[in-house]
Amino acid sequence: MEVFGIVAEESFLALYLDALSKINNLGSSFDERFKDMYLAFWHHFENKSNEIPSFAVVDGSRASTTFRGGFRAVCARAIVNIYEGKNLFDSILKVDLKIGQRLRRSSLYMRALEFRCLKNALENFPNVSMAICDGDLYPLIHPVMVRTTDQEVEAYVEYLKALHELYDYAKSRCILLIGISKDSFVNYLRARILAVQISKENSGLGQILARERSLKRIGRRLSSMRERADNIECYLNEAERITSDEEVFDEYASYPGFTKPLALAPQPIYLNEEIKAGTKSWHDSRIRGRLLRRSSPFSDVANFLDKLYALPPIILSYWKPWHKIGVYRVDIGGWGLEVNEKWDDIESDYFLPEKKLDACERIFSILNGLSPEPFTIKPLLDADNLVRFSKKTYKDCYEPLLIDALRKAGFKALLTKRDIRELIVRI
């Protein structure tokens, strides 16, 4: 059997190599003609601050077990490390356990726990003036949320409630709230830069594109105007290129710095239905109306977004640390840059004025100061190492304790046949 296994593996590998040889035309290379266009929105900056304020960082992890019949248990845990300068001062840890039938969107439970844990730390350590989260802070809503299950919506409500409470508390105390994303695949910035550039050549078309955030829809609009405007083909190719904000600036920006800060309008107004309807605010959106006409938990989504959008907006920037290793998405609570307008009053994404760059430099000098080569925000990495579930720890410790507790509560807690097979293979 062992010999046959080796032969099978070699055969699979040969078939895999054949499949790889057929891959082609997945995308185009970067167009150097657009390099200067993007770099016009890049601010060279590499200063590191030695004066680090008292701050907190939060990270989370999760693991789950699915039992026969679709019953699922999700364990999430979060840690907040509190620093005085660069010295670790204290930590707060929290664990949350969700149990139910076919639980989905477990990442939302984890993010909600992170936000609650961080808010608890800010309440208990009044000297903290900066809070850093792992991941973005910008809430997204799916266009067909009204068709999802109550459990999925409840998970989203829990996430929104925790985000609002943290966001509102941080603003009330003027705590700088930051989200750092290790990997980001959005094109919010590229869409806005293309619209700005096109408006220089065709103001009417640029004005139309300013209400778009989807590069796919921008590409469709450009394609439909091929015969009516000059230089469209060039911009069309750029809009259709498969990439992201992060990748573009990692490619073009060879020196450290950050992008010109972009205030993000509420995401729901960029849904295709809202674009067609000319929606300019969350409050007037079709999807908000549908959610409010439904009972809880759907109406709760609209209510918590109402509360969030009554606060200042998220400001987006991409940052390359002083050591030039990687580009990271940075979300900043608007009050940190003295942007205090009501989020729902923003009708489309817009760039902050040049005078805000000094405030950005103060923020990024601190982030540079927390990023000794080759790390980016070393305290976040340290939190991740402490909180992350290892598969072995979960399977050897957490899961047996979970099964025992469920059986004591009267549930059979039988592992799925797939999990039993994998357990046997491990042994």
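**Helix packing, loops and backbone features of a predicted model**

Leu-352 is found in the loop between strand S11 (350–351) and H13; helices (H or I, at least four residues) and strands (E, at least two) are DSSP runs, numbered from the N terminus. This is a predicted model, in which local features need pLDDT of at least 70 and side-chain atom pairs count only at pLDDT 80 or more, while totals for chains, interfaces and linings use all residues. Residues are numbered from 1 along each chain as its sequence is written, and side-chain values use heavy atoms, with hydrogens and water left out.

With a relative accessible area of 2%, Leu-352 is buried. Buried means under 20% relative accessible area, exposed over 50%, and partly exposed in between (1.4 Å probe, protein chains only). Leaving aside residues up to four places away in sequence, Leu-352 touches Lys-260, Pro-261, Ala-263, Ile-315, Leu-337 and Val-339, where contact means heavy atoms within 4.5 Å. Leu-262 lies 90 residues from Leu-352 along the chain, and the C-alpha atoms of the two are separated by 6.1 Å.

Helix H13 covers residues 357–369, and its 13 residues should span 18 Å at 1.5 Å a residue; the end C-alpha atoms are 18 Å apart, which agrees. The expected span of a helix is 1.5 Å times one less than its number of residues. H13 is mostly covered, with ten of its 13 residues buried. Those buried residues are Leu-357, Ala-359, Cys-360, Ile-363, Phe-364, Ser-365, Ile-366, Leu-367, Asn-368 and Gly-369. The cover over them includes strand S1 (42–44), strand S5 (130–134), strand S6 (176–181), strand S7 (257–259), strand S9 (314–320) and strand S10 (328–333).

The peptide bond from Glu-373 to Pro-374 is cis, with omega near 5°. A cis bond also joins Ser-296 to Pro-297, with omega near 15°. Pro-297 has its place in the loop between helix H11 (286–293) and helix H12 (298–308).

Helix packing comes next. Two packed helices are described by the angle between their axes and the distance between the axes. Helix H3 (residues 106–124) and helix H4 (residues 150–172) have axes that come within 8 Å and cross at roughly 25°. Axes are lines fitted to C-alpha atoms, for helices over the stretch in contact, and angles run from 0 to 180 degrees between N-to-C directions. H3 and H4 are therefore roughly parallel to each other; angles under 35 degrees count as roughly parallel, over 145 as roughly antiparallel, 65 to 115 as roughly perpendicular and the rest as oblique. H3 passes H4 in a left-handed crossing, a crossing being left-handed if the near helix is turned anticlockwise from the far one by less than a right angle, and right-handed if clockwise.

On the H3 side, residues including Leu-108, Phe-115, Arg-116 and Leu-122 take part in the contact, and on the H4 side residues including Tyr-156, Glu-158, Leu-163 and Tyr-169. By class, the contact of H3 with H4 has 13 nonpolar, one polar and six charged residues. Ala, Val, Leu, Ile, Met, Phe, Trp, Tyr, Cys and Pro count as nonpolar, Asp, Glu, Lys and Arg as charged, and the others, Gly among them, as polar. H3 itself is mostly covered, since 14 of its 19 residues are buried. Those 19 residues should span 27 Å at 1.5 Å a residue, and the end C-alpha atoms of H3 are 28 Å apart, which agrees.

Helix H7 (residues 215–224) and helix H8 (residues 232–240) pack at an angle of about 160°, with their axes 9 Å apart. That makes H7 roughly antiparallel to H8. H7 passes H8 in a left-handed crossing. Leu-215, Ile-218, Gly-219, Leu-222 and Ser-223 of H7 make the contact with Ile-232, Tyr-235, Leu-236 and Ala-239 of H8. By class, this contact of H7 with H8 has seven nonpolar, two polar and no charged residues.

Arg-102 lies in the loop between strand S4 (87–101) and H3, and has a positive phi of about 50° although it is not a glycine. Arg-102 is exposed, with a relative accessible area of 52%. Arg-105 is found in the loop between S4 and H3, and its phi is near 60°, a positive value in a residue other than glycine. At a relative accessible area of 41%, Arg-105 is partly exposed.
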